[in-house]
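This report looks at charged pairs and at pockets. Have the sequence and the model at hand while reading.

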Amino acid sequence: MASTIGFRIARLPHLWRSILDRRLAPLGLTQTRWVTLYHLWRLGEGHPQCDLARAIGVEAPSLVRTLGQLEEQGLVERRACDNDRRSKRIYLTPAAMPLLEEIDKVAQQARKEMFAGLTDENLEQLNEWLAVIESNGLAIQARDQDSPAS
């Protein structure tokens, strides 16, 4: 059984995004765009592009195109940093808020459906177990980075 847990854990983010992609498609949002908007909303405004890229898990240059598309849609704006004109900070526009509220509503409903059959106690325990697994993985990653590759 332990050998299948990793596969299930790896499959869940893909399944989650697939469900949300399908439900958010009528809003005219691609996965890249809704993920970027949602992370910016959760991260808070005024962060540099590189921080947003790190939060999403993409390289900063990959994010530039998506931000350009969102800017064309009037959903975000990029402003030069006061102390470094080359660096851009990202802000949501007022037009993004109703869309983000709809994304959040869709995500909450999908989450409710995916967690059907689980009690609050089950979810709390699952969250604790996932935290332990994540902590173990981060420790392994740090240890492996500190030792030379064989």
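## A pair within helix α3

In this predicted model, D51 is partly exposed, with a relative accessibility of 27%. The side chains of R54 and D51 form a salt bridge, with 2.8 Å from N to O. Both residues belong to helix α3, which covers residues 49-56, and they are three residues apart, so about one helical turn separates them.

## A pair within helix α5

Side chains of opposite charge can pair when their charged atoms come close. K105 and E102 make a salt bridge in which the closest N and O atoms are 3.6 Å apart. These two residues are also in one helix, α5, and because they are three residues apart, about one helical turn lies between K105 and E102.

K105 is exposed, at 53% relative accessible area. E102 is partly exposed, at 28% relative accessibility.

The structure has six salt bridges. One of them joins E113 to R23, and the closest N and O atoms of this pair are 2.9 Å apart.

E113 has a relative accessible area of 40% and is partly exposed. R23 is partly exposed as well, with 34% relative accessibility.

## The largest pocket

Rolling a probe the size of a water molecule over the atoms shows where empty space is left. The largest pocket holds about 1,300 Å³ of space. Its lining consists of 22 residues, and those nearest the centre of the pocket are I9, L12, F115, L126 and L130.

Which helices each supply at least two residues of this lining? They are α1 (2-24), α5 (96-114) and α6 (120-146). Sorted by class, the lining has 15 nonpolar residues, five charged and two polar.

## The second largest pocket

The second largest pocket has about 190 Å³ of space. Among the residues that line this pocket are W16, R17, L20 and L24, together with W34, V35, Y38 and H39. I103, A107 and R111 are also part of the lining. Two or more lining residues come from each of α1, α2 (31-43) and α5.

How many residues of each class does this lining have? Eight are nonpolar, two are charged and one is polar.

Conventions:
Residues are numbered from 1 along each chain as its sequence is written. This is a predicted model: local features need pLDDT of at least 70, side-chain atom pairs count only at pLDDT 80 or more; totals for chains, interfaces and linings use all residues. Side-chain values use heavy atoms; hydrogens and water are left out. On a 1 Å grid over the protein atoms alone, a cavity is a set of points where a 1.4 Å probe fits but cannot get out, and a pocket is an open set with protein on both sides within 12 Å along at least five of seven lines; lining residues have an atom within 4 Å of a point. Grid points are joined across faces, edges and corners, and a volume is the space filled by probe spheres set on the points. Helices (H or I, at least four residues) and strands (E, at least two) are DSSP runs, numbered from the N terminus. Ala, Val, Leu, Ile, Met, Phe, Trp, Tyr, Cys and Pro count as nonpolar, Asp, Glu, Lys and Arg as charged, and the others, Gly among them, as polar. A salt bridge is a side-chain nitrogen of Lys or Arg within 4 Å of a carboxyl oxygen of Asp or Glu. Buried means under 20% relative accessible area, exposed over 50%, partly exposed in between (1.4 Å probe, protein chains only).
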